Amino acid sequence: MLCNLGQLSQFPQPSVLVAFQELRKQDADSLPRALTVGWCVELLQAFFLVADDIMDSSLTCQGQICGYQKLGMGLDAINDAILLESYLYYLLKLYCLEQSNYLNLIELFLQSSCQTEIGQTLDLITAPQGNVDLGRFTEKRYKSIVKYKTAFYSFYLPVAAAMYMAGVDGKKEHANAKKILLKMRDFFQIQDDYLT
């Protein structure tokens with residue numbers, strides 16, 4: 001597991017805390033919950049990174065040797081990925097169970113996971129290892145991969161979680177936020193893919 005913990009950022013997901021601070025005045029009880037939810041986003045991201053590295057047979061991740069590539073780790077890293085995902089739900093229960101937004105947060109994390117896993121599937125079937133067919137890689141497919149593989153958990157999830165924590169739970173508000181945040185992710189991804 002220690003090999004894969006390097007996938008976590010040094011600090012919790014700042015988008016949750018920043019969005020929460022903009023939406024609601026903090027109190028002594030809400031700040032630890034906002035930080036915990038930020039860590040839950042980080043745990044989910046680490047889960048996806050570990051699993052993606054294994055599925056893609058990656059050698060490095062974020063400039064370091066992938067955890068599963070390290071001596072003695074191998075496919076045991078799959079269990080680490082599953083543990084990372086499990087821990088986030090444990091933390092949500094520990095810190096948010098008594099909150100009125102608990103069910104919304106659980107559903108949000110589950111929805112984000114499902115959408116990301118759909119994106120991973122699209123990525124895998126578009127360019128299977130050893131059988132790259134550029135005919136399968138269309139602009140529409142690219143946009144779908146970007147939308148589902150990264151947009152929900154990296155852009156929408158942190159802000160939507162902060163909205164729920166701040167008491168903003170209206171469908172219209174969440175739909176508007178999702179629309180804007182997914183557009184922002186499209187711009188970021190295209191910039192990242194073509195300018196770096």
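Q: Before we start, what counts as a polar contact here?
A: A polar contact is a pair of N or O atoms within 3.5 Å; within protein, one must be able to donate a hydrogen and the other to accept it, and residues adjacent in sequence count only if both atoms are side-chain atoms. This is a predicted model, where local features need pLDDT of at least 70, side-chain atom pairs count only at pLDDT 80 or more, and totals for chains, interfaces and linings use all residues. Numbering runs from 1 along each chain as its sequence is written, and side-chain values use heavy atoms, leaving out hydrogens and water.

Q: Great. Which side chain does the side chain of Asp-52 make a polar contact with?
A: That of Lys-149, at 3.2 Å. Asp-52 lies in helix α3; helices are DSSP runs (H or I, at least four residues), numbered from the N terminus.

Q: And is Asp-52 buried or exposed?
A: Buried, with a relative accessible area of 15%. Buried means under 20%, exposed over 50% and partly exposed in between (1.4 Å probe, protein chains only).

Q: Switching to Met-55, where does that one lie?
A: Also in helix α3, which covers residues 30-56. Met-55 is partly exposed, with a relative accessible area of 38%.

Q: Now the largest nonpolar core: how many residues has it?
A: It has 48, and Leu-44 and Phe-109 are among those with the most contacts inside it. Such a core is a set of buried Ala, Val, Leu, Ile, Met, Phe, Trp, Tyr and Cys residues joined through side-chain atoms within 4.5 Å.

Q: Which elements give two or more residues to this core?
A: α2 (14-23), α3, α4 (77-96), α5 (102-126), α6 (139-165) and α7 (171-195).
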